[in-house]
Amino acid sequence: MQDEYRTVARAGVHETEVNRSRFLCALAPAATEQEAQDFIATVRKEHAAATHNCWAYVIGADALVQKASDDGEPGGTAGVPMLQMLLRRDMRYVVAVVTRYYGGVKLGAGGLIRAYGGAVGEALDTLGTRTRRRFRLATITVDHQRAGKLENDLRTTGREVRDVRYGEAVTIEIALPDADLEAFRAWLADATAGTAVFEPGGEAYGDA
């Protein structure tokens, strides 16, 4: 399982023009294949009059799902170069749709490959990317007397506090890199005089 991956910072559209043809690249984060397909359907509907709506997406931190479509362009000249650009940039959980409005000048296979791949590359440069890192979720249970100071210490040492719940005791949910687990246990024992209960949970991705 990948410790980190990159994805697009936000959804957006970037337009380029090549020999009078307009290429609009719509990019969006997609957590699942269904989300990617829904985004493609939305763009196709919005640009129903376009000559082509070619697409590519990569789902999974390990890029297990990779799909692309030329949408009527010559085979391998649109969807594949789009997908290759996403993979070359180490992009994951992302969907790209390049809408082409034909301008009357044929680009040839090489020109199409450069135009579609380039549209995705330029859109990534414009919209920006962000790195997501794998974290271990964990729960700390501590008494009310120590909870306030502990929460403050967690935040000031840069730990990601995800939730705080008050009951008979206080439960604090945090996320931390796997490699920090043992060092964190020692820090927590010291910070709470050994009174806190620490329970590692599942894994999730958060901003690096």
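Predicted model: local features only at pLDDT ≥ 70, side-chain atom pairs only at ≥ 80, totals over all residues.
Residues are numbered from 1 along each chain as its sequence is written, and side-chain values use heavy atoms, with hydrogens and water left out.

## UniProt features

UniProt places "domain: Impact N-terminal" (unreviewed entry) at residues 20–124. Its positions are given in the numbering used here, feature names are shortened, and annotations may be inferred rather than shown by experiment. The span 20–124 is 39% helix and 29% strand, and its end C-alpha atoms lie 22 Å apart. Helices (H or I, at least four residues) and strands (E, at least two) are DSSP runs, numbered from the N terminus.

UniProt also lists "domain: UPF0029" (unreviewed entry) at residues 140–194. Here the chain is 44% helix and 31% strand. The end C-alpha atoms of residues 140–194 are 12 Å apart.

## The five-stranded sheet

Five strands form an open sheet in the order β2-β3-β6-β4-β5, with antiparallel pairing. The edge strands, β2 (12–18) and β5 (65–69), each pair on one side only. Neighbouring strands of this sheet are turned by 15 degrees against each other on average, direction ignored. Strands count as paired if DSSP finds at least two bridges between them.

β2 and β3 (residues 21–29) pair in the antiparallel sense over seven bridges. E17 has R22 in β3 as its bridge partner.

## Helices across the sheet

α2 lies across β4 (52–59), β5 and β6 (94–101), and runs at about 35 degrees to β4. α3 lies across β2, β3, β4 and β6, at about 50 degrees to β3. Axes are lines fitted to C-alpha atoms, for helices over the stretch in contact; angles run from 0 to 180 degrees between N-to-C directions.

## Where α2 meets α3

α2 (residues 79–88) and α3 (residues 108–127) pack at an angle of about 35 degrees, with their axes 8 Å apart. In contact (heavy atoms within 4.5 Å), P81, M82, M85 and L86 in α2 meet I113, Y116, G117, V120, G121 and L124 in α3. These residues divide into eight nonpolar, two polar and no charged. Ala, Val, Leu, Ile, Met, Phe, Trp, Tyr, Cys and Pro count as nonpolar, Asp, Glu, Lys and Arg as charged, and the others, Gly among them, as polar.
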